Amino acid sequence: MRGHERGMDGSTARASYDESESRADAAHVARSHETPRREDCRTVKPDMRVSFAGLELKNPVIAASGTFGYGIEFEEIVSLERLGAIVTKGISLEPMAGHEPPRIVQTAAGMLNAIGLQNVGVEDFLKRKLPPMSRYPSCHVIVNVFGQTVNDYIGVIDRLNDAEGIAAYELNASCPNVLAGGMTFGADPYALEELVERSKRVAIQPLIVKLSPNVTSVIQMARISAEAGADAVSLVNTFRAMTIDVETRRPCLSNVTGGLSGPAIKPIALRMVYEVARAVRIPILGMGGIMTPEDAVEFMLAGATAVEVGTASFADPRAAERLANGLESWCKSHDVAKVSTLTGALKTGA
Ligand SMILES: Cc1cc2nc3c(=O)[nH]c(=O)nc-3n(C[C@H](O)[C@H](O)[C@H](O)COP(=O)(O)O)c2cc1C
């Protein structure tokens, strides 16, 4: 901006100003990615426990909905007991087949998906998917709930209430890839209020409301959720987006549009978590492009109590476990005795 103003005086001045400015910027960016040197890494094991909404997690790393199946499918590649929790794929009353392929496409620094909430339905989930998770009692199971009407959501919660082994419900009020349900609730303040209020009345487990970033004010939606009785909010779901294949001149996804996730969305998601943390008193689960332990630390400093890891599991199915281990090492090397002290510890101002 300043470079542009100076540029009014002549192009040479602008060029040299821009060069030195961009060198300074580059140096700043490089510095901000350096890991501070610690000569004396403490050997004391940091306390990685976090608690929110009545749940105690052994660490703040949670596998995000839709990117980790129902948890149990990963048991042979991931040490599930290393994760704080897993969130299941969105569960509806009846099984759903989802959209036709192609449903996933890679983008610069992320991916676009329009799965269309394919899932086995609540009965099959309770019969086949949930019971084997009892082999990993320290990994909490959070069930992501989805419906096309408020009664659908309530029907799913009602059915889940009868089951053993569910730690909390995450209401998906934010899916950008289906015509009815999901974002219909997440983008309409009155619909969201009714959904949360009525769900809270029937839910016997803590209720987490997953917010959409595709709204004018995520702060308003977080406040509405809190006032309607949510025990926590999670954010963000994916950003509505699209890509086009120029050879065929067709959209890359069968659904035309999809939801963008991965590192491309991280700075926006982080800003939203920061703003919501200043607006509500209930705990926040932060997510959006978390790939490294440092990314997780950023979300916690911005105000998240725990973090969810999604797209990273597509690049490396062990990403969540790697993150849980990496976050512990990060705490150790930075003399952080309790990971929970990172939440909201962002320093601003002079
Ligand atoms: C393939 C795919 C499927 C998803 N399915 C769901 C879902 O069923 N319910 C939900 O609430 N979020 C779903 N999400 C959103 C993720 O849980 C997460 O909010 C989002 O991807 C941002 O995190 P990330 O950048 O770490 O992936 C899905 C994301 C992807 C990539």
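Colleague: Which residues in H9 are buried?

Modeller: In this predicted model, a residue counts as buried if 20 or more other C-beta atoms lie within 10 Å of its own. Eight of the ten residues of H9 are buried, so this helix is largely enclosed by the rest of the structure. The buried residues are Pro293, Asp295, Ala296, Val297, Glu298, Phe299, Met300 and Ala302.

Colleague: Against which elements do the buried residues of H9 pack?

Modeller: Both strands and helices take part in this packing. The strands are E3 (61–63), E15 (284–286) and E16 (306–309). The helices are H8 (266–279) and H11.

Colleague: Are H9 and H11 roughly parallel or roughly perpendicular to each other?

Modeller: The axes of H9 (residues 293–302) and H11 (residues 319–333) come within 8 Å and cross at roughly 70°. Angles of 65 to 115 degrees count as roughly perpendicular. The two helices, H9 and H11, are therefore roughly perpendicular.

Colleague: Which residues come nearest to the ligand?

Modeller: The shell around the ligand divides into eight nonpolar, 15 polar and two charged residues. Of the 25 residues around the ligand, those that come nearest are Gly66, Gly90, Ser261, Gly310 and Thr311.

Conventions
Residues numbered from 1 in each chain as written. Predicted model: local features only at pLDDT ≥ 70, side-chain atom pairs only at ≥ 80, totals over all residues. Axes fitted to C-alpha atoms, helices over the stretch in contact; angles between N-to-C directions. Helix = DSSP H or I, 4+ residues; strand = E, 2+ residues; numbered from the N terminus. Parallel < 35°, antiparallel > 145°, perpendicular 65-115°, else oblique. Near = placed C-beta within 6 Å. Nonpolar A, V, L, I, M, F, W, Y, C, P; charged D, E, K, R; others polar. Buried ≥ 20, exposed ≤ 12 C-beta atoms within 10 Å, placed from the backbone. Contact = placed C-beta atoms within 7 Å.
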